[in-house]
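Here's a quick tour of a predicted model, for someone who already likes looking at helices. Have the structure open as you read.

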Amino acid sequence: NMLSTCSLVKQGKVYGHWMVDVRAANEKLMVRSVSMVCQATGVDAAVARNTLQACGGNVKQALVVLLAKVSPEQARERLAQAQGRVRAAISQVSSV
């Protein structure tokens, strides 16, 4: 169990204590994703759901949008540059 957890952390699939490498592809996953985004960012459920929908259900992207205050497109680019790591994507300095 510890080995798989360490592996997930190294791969950038975890943010805080949440497994965030998930796409809200059905209602059950959307409810779980909304809850994660609310807890991780402090926004209410409506904002979390709207952001997730704008990000195609991508939890990592929604987190970067809300925490770095960037557009979904910028969040996608940041995540690509950060090799999928949310914390690194959030801390990137904007080049504007």
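## Overall picture

The accessible surface of the chain comes to about 5,800 Å², with 56% of it belonging to carbon and sulfur atoms. Areas here come from the Shrake-Rupley method with a 1.4 Å probe, and for residues only the protein chains shown count as cover. Of the 96 residues in the chain, 39% are buried; buried means under 20% relative accessible area, exposed over 50%, and partly exposed in between (1.4 Å probe, protein chains only).

This is a predicted model, so to speak of local features takes a pLDDT of at least 70 and side-chain atom pairs count only at pLDDT 80 or more, while totals for chains, interfaces and linings use all residues. Residues are numbered from 1 along each chain as its sequence is written, and side-chain values use heavy atoms, with hydrogens and water left out.

The chain has six helices and two strands, in the order α-β-β-α-α-α-α-α along the sequence. Helices (H or I, at least four residues) and strands (E, at least two) are DSSP runs, numbered from the N terminus. Among contacts with a separation of 6 or more, 31% are between residues 24 or more positions apart; contact means heavy atoms within 4.5 Å.

## The core and H4

Which residues touch the most other members of the largest nonpolar core? They are Val20, Val37, Leu52, Val59, Leu63, Val64 and Val86, out of 25 residues in that core. Helices H2 (27-41), H3 (45-54), H4 (59-68), H5 (72-81) and H6 (86-91) each put in at least two residues, and H4 gives the largest share, with seven. A nonpolar core, by the way, is a set of buried Ala, Val, Leu, Ile, Met, Phe, Trp, Tyr and Cys residues joined through side-chain atoms within 4.5 Å.

Nine of the 10 residues of H4 are buried, so this helix is largely enclosed by the rest of the structure. The buried set is Val59, Lys60, Gln61, Ala62, Leu63, Val64, Val65, Leu66 and Ala68. Pick out Leu63: setting aside residues up to four places away in sequence, Leu63 touches Tyr15, Val20, Val37, Ala40, Thr41, Ala68 and Val86. At the start of H4, a side-chain oxygen of Asn58 comes to within 3.0 Å of the backbone nitrogen of Lys60.

Thr41 sits in helix H2. Its side chain reaches the backbone oxygen of Val37 at 2.6 Å and the backbone nitrogen of Val43 at 3.4 Å. These are polar contacts: pairs of N or O atoms within 3.5 Å where, within protein, one must be able to donate a hydrogen and the other to accept it, and residues adjacent in sequence count only if both atoms are side-chain atoms. Leaving aside neighbours within four places in sequence, Thr41 is in contact with Leu63, Leu66 and Leu67.

There's one salt bridge in the structure, meaning a side-chain nitrogen of Lys or Arg within 4 Å of a carboxyl oxygen of Asp or Glu. The partners are Glu27 and Arg49, at 3.2 Å from N to O. Glu27 lies in helix H2 and Arg49 in helix H3, so the pair ties together parts that are 22 residues apart in sequence. Arg49 is partly exposed, with a relative accessible area of 26%.

In H5, the buried residues are Pro72, Ala75, Arg78 and Leu79. Down the helix axis they fall within an arc of 120°, so they line one face of H5; the arc is that of the directions from the helix axis to the C-beta atoms. Those buried residues pack against H3, H4 and H6, while the face turned away from them carries the exposed residues Glu77, Ala80 and Gln81.

Over in helix H6 you'll find Ala89, buried at 0% relative accessibility. Leaving aside neighbours within four places in sequence, Ala89 is in contact with Val64, Arg78, Leu79 and Ala82.

## Two loops with positive phi

Most residues other than glycine have a negative phi. Lys69, in the loop between H4 and H5, has a positive phi near 55° and is exposed, with a relative accessible area of 71%. Gln83, in the loop between H5 and H6, also has a positive phi of about 55° without being a glycine, and Gln83 is exposed at 63%.
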